[in-house]
Amino acid sequence: MKKTKYSDKKGSALTLRRVFHYIGRHRILLILSCVFALIGAVGALILPILSGNAIDEIIGAGDVDFDAIARIALEMVIVLAVTASARLLAAICNNRLSCSVLHDLRERAFGKLGSVPLSYLDTHSAGDTVSRIISDADTFADGLLLGFSQLFSGIVTIIGTLCFMFAVNVWIALVVVLVTPLSLVVSYFIAKRSYSMFHAQSAIRGEETALISESVGAEKIIRAFGREDDMNEKFGEVDERLRTASQKATFNSALTNPTTRFVNSIVYAAVGVVGAILSITSSGIITVGTLSIFLSYANQYTKPFNEIASVITELQNALACAERIFELIEADEEEDDEGKFELDPESVSGRVTAENVSFSYSPDRELIKNFNLDVMHGRRIAIVGPTGCGKTTLINLLMRFYDVDSGKISVDGHDIRKVTRKSLRSSYGMVLQDTWIRNATVRENIAMGKPDATDEEIMAAAVTSHAEEFIRRLPEGLDTVLGEGGGGLSQGQRQLLCISRVMLASPPMLILDEATSSIDTRTELEVQDSFAKMMVGKTSFIVAHRLSTVKSADLILVMRDGKIIETGTHESLLDLGGAYAELYESQFKNVAE
């Protein structure tokens, strides 16, 4: 899917078509809303006629047809009841329609996060993405609800009023029609400027949300380095831009109401003057009751222009927010896996090969070039090297978080680009340096890779990873609900839960990316023993800076600038006296002394 490029004019029209596409999924609610709005508008148009007829029954002092007035009053009560009921039902339909469209959009947007390439998530801040799904979606829904509540009924009222006025008196109706375009022109020019301003406001709001999210997540670091003033200054700068953009958008859109009211007042005055002249000079052409009907219609006719002007302002804001949501929904997706080979984790032996692999995140910066690797079943491969040498990038390629630019990576002889991502990733168990703990129970967090696991299996995995001790100390054991990010647990305890998760799933291949970096030395020795048992018969990739964790590896790859510069066992690389020996000596020099 190609990403859509937007401009102010074409973008708003394109966004509006996409909005109608989602509205069309709930056409029954849309039809009902229009029908009830039509009934309500027609009822509002009938009331002035009944009122005018009642006035005409008052001919003079002592000459009043009370029976006719009573009959008309009853008719007015019935019309009022029908009109109010229709408007209530229209409001209910509009509310359900906007909530249903909002649900569809949010579901699509959130689901999109699972299908976009990781490069999209790497290049878009989490706060901005959250702002699109939450804040922008809410603003869009509010504008949509207001639009359907007033826009259709307003248009029906305008058309119906004109028809009734032309039926009663053509000359007065022509006065109204001649003055109307002035109101439309004013609304058009103001609305056109408002769209670009609301779009800028939404974009800056997303930027501010991203900054707040970033600051809340790193508050300890900010305080530790004394950067509170800097962050406050940065927030103040973004918030000032948001204030300026919001002020311009609001001020510009606020001009619509007073300008249209001014034009509408001219319409009302013109109807009153022309009608009064006709009623005085042309006997029988227009009665006092008919004039009252026209004045009521003039008021009803002009009122929707004010409402529609306000609605257009809200719709401009809503469309600007909708555009940002559609940018996420229509972002490029990962290549479809339909028809590709399904790996069976139960039968994967774990032979991994890389042939002439080249990859870079950006064309102007080469990272991995002509990389070759052949890992036999059950081997433990350690990957070491300085920061930025390509260790984590290699893991991203093995998992198909990114695809190679050239060459190929194979598992059991199958090119992983021809294998479904889900089956490939189910064949790996990953323990990363950055832990991810759900806002759920301990049981649910450990059983993430094996949802049907029994409590006995879960605790067995916890025992093996040495997490059992602190789990039993928790208030409700496995049923303890952990806060967002594992709040209340130390970094080491969160890491042990992640290790338990992989041990429970027991996949045929393992990736341990700094898996013990947050664990104390004593626990690390115990976990290394657990890993040694878990890695028996499994192909394992161990990324580590602490070389004490890779001594027992079958093969150590030393990387630099995206290339393997040394290979061998711990002892053979030390004897070689090369890059690995330098790394090892730099880490253990003090201990050796």
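Reader: Which residues have the most contacts inside the largest nonpolar core?
Author: This is a predicted model, and in it that core has 43 residues, with Val-442, Ile-471, Leu-497, Phe-531, Val-550, Ile-556 and Tyr-580 having the most contacts inside it. Helix α16, residues 491-505, gives the most to this core, with seven residues. A second, separate core of 35 residues includes Val-357, Ile-368, Met-399 and Met-509.

Reader: Why is Leu-74 called exposed?
Author: The cut-off for exposed is over 50% relative accessible area. Leu-74 has 54%, so it is exposed. Leu-74 lies in helix α3.

Reader: What makes the nonpolar surface patch, and which helices supply it?
Author: Ile-31, Val-35, Ile-39, Leu-74, Ile-78 and Val-82 make a patch of about 520 Å². Helices α2 (27-56) and α3 (66-112) each supply at least two of its residues.

Reader: And why does Asn-372 count as partly exposed?
Author: Partly exposed lies between the buried limit, under 20%, and the exposed limit, over 50%. Asn-372 is at 40%, so it counts as partly exposed. Asn-372 is found in strand β4, residues 368-375.

Reader: How do you know that the side chain of Asn-372 makes a polar contact with the backbone nitrogen of Asn-356?
Author: The limit for the N or O pair is within 3.5 Å, and here the side chain of Asn-372 reaches that nitrogen at 2.8 Å. The side chain of Asn-372 also reaches the backbone oxygen of Asn-370, at 3.2 Å.

Key: Residues are numbered from 1 along each chain as its sequence is written. This is a predicted model: local features need pLDDT of at least 70, side-chain atom pairs count only at pLDDT 80 or more; totals for chains, interfaces and linings use all residues. Side-chain values use heavy atoms; hydrogens and water are left out. Patches are made of residues with over 30% relative accessible area and no salt bridge: like charges are joined within 9 Å, nonpolar side chains (Val, Leu, Ile, Met, Phe, Trp, Tyr) within 5 Å. Accessible areas come from the Shrake-Rupley method with a 1.4 Å probe; for residues, only the protein chains shown count as cover. A salt bridge is a side-chain nitrogen of Lys or Arg within 4 Å of a carboxyl oxygen of Asp or Glu. Helices (H or I, at least four residues) and strands (E, at least two) are DSSP runs, numbered from the N terminus. Buried means under 20% relative accessible area, exposed over 50%, partly exposed in between (1.4 Å probe, protein chains only). A nonpolar core is a set of buried Ala, Val, Leu, Ile, Met, Phe, Trp, Tyr and Cys residues joined through side-chain atoms within 4.5 Å. A polar contact is a pair of N or O atoms within 3.5 Å; within protein, one must be able to donate a hydrogen and the other to accept it, and residues adjacent in sequence count only if both atoms are side-chain atoms.
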